[in-house]
Amino acid sequence: MSFEKVGDGALDYMPYRLSSSRLAFRGPQPDLSGKYTVFLGGTETYGKFVPKPYPQRIAEMTGRQCANFGVVNAGIDVFLHTPAVLQAAHQAEMTVIQIMGAHNMSNRYYSVHPRRNDRFTGASSSMQMTFRELDFTEFHFTRHMVGALAARAPDRYAAMIEELRKAWVARMKLLIATIDAPVTLLWFADHAPTGNCTQRGMGRDPLFVDREMLDLLRPMVSGLVEAVVSPEALSQGVRGMVFRDLERPAAMRMLGCQAHDEAANALLSMLA
């Protein structure tokens, strides 16, 4: 049953660990002894507050084993630093990689936590030289830090974003090349990928990724599925989601249950 839960209720994500990984992944735990499909991605793939995220919906619609290795607020780095996930993806029938933002990964300007990629851990000497007026000790999360740079130093911010985009393409190519199984990319967002443009503000998730960047990856993958959430699905808000009272503001920022239905249906043709 899918419902909006209030009070003390919380969604049971049935967490489990894969081999020696320090990460807890969302269940139900799949059987990886036979044929299976792997899903890598961020908060949307994990399905925060969603009773049945799109990997689980695909498992139920197709009968195939689906391993949801989504990580809340993930960037590319968390998967490159988790050998157990790479091994599972390598041996899969197919791996689906949700497009994640370019801000949650280490680059020549700043570093992030290897497992919690939204955690800002330090500015490089290059970044400190570029943004001399800023005290980087006030930042703990990448989104907060990037947003502050956009507001306080828009002229230099644009150059940093261009560097993040280049690093994102290189890191995605490395991740795809590490996986021997066929790879499908999934764009799962409330808007289509835009054309190449200079980012002056924060933009929308996945941050700083545009169509030109995706086109650079096309020769390496089996396909790109664009699951652009419909206005109808967006209008559903938190309907069907499960969360505590205090989690409502966070739930309102997530893609909801109907959006996950649409993503699952968009992927079905690639997984047939």
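## Surroundings of T43

Leaving aside neighbours within four places in sequence, T43 is in contact with K48, V71, V72, N73 and M254. The model described here is predicted.

T43 belongs to helix α1, which covers residues 43–46. Its relative accessible area is 12%, and a residue counts as buried under 20%; T43 is therefore buried.

## Helices α6 and α7

Helix α6 (residues 142–152) and helix α7 (residues 154–178) have axes that come within 6 Å and cross at roughly 135°. This angle makes α6 oblique to α7.

On the α6 side, the contact is made by V146, L149, A150, A151 and R152. Helix α7 contributes P154, Y157, M160 and I161. By residue type, the contact of α6 with α7 divides into 8 nonpolar, no polar and 1 charged.

## Nonpolar cores

The largest nonpolar core has 65 residues, of which M160 and W168 touch the most other members. Helix α7 supplies the largest share of this core, with 10 residues. In soluble globular proteins, nonpolar side chains tend to be buried together.

Not counting residues up to four places away in sequence, M160 touches Y109, Y110, M127, F131, V146 and L149. Of these, V146 and L149 also take part in the contact of α6 with α7. Another core, of 18 residues, lies apart from the largest one; among its members are V96, L186, F188 and A233.

Notes:
Residues are numbered from 1 along each chain as its sequence is written. This is a predicted model: local features need pLDDT of at least 70, side-chain atom pairs count only at pLDDT 80 or more; totals for chains, interfaces and linings use all residues. Side-chain values use heavy atoms; hydrogens and water are left out. Helices (H or I, at least four residues) and strands (E, at least two) are DSSP runs, numbered from the N terminus. Buried means under 20% relative accessible area, exposed over 50%, partly exposed in between (1.4 Å probe, protein chains only). Contact means heavy atoms within 4.5 Å. Axes are lines fitted to C-alpha atoms, for helices over the stretch in contact, and angles run from 0 to 180 degrees between N-to-C directions. Angles under 35 degrees count as roughly parallel, over 145 as roughly antiparallel, 65 to 115 as roughly perpendicular and the rest as oblique. Ala, Val, Leu, Ile, Met, Phe, Trp, Tyr, Cys and Pro count as nonpolar, Asp, Glu, Lys and Arg as charged, and the others, Gly among them, as polar. A nonpolar core is a set of buried Ala, Val, Leu, Ile, Met, Phe, Trp, Tyr and Cys residues joined through side-chain atoms within 4.5 Å.
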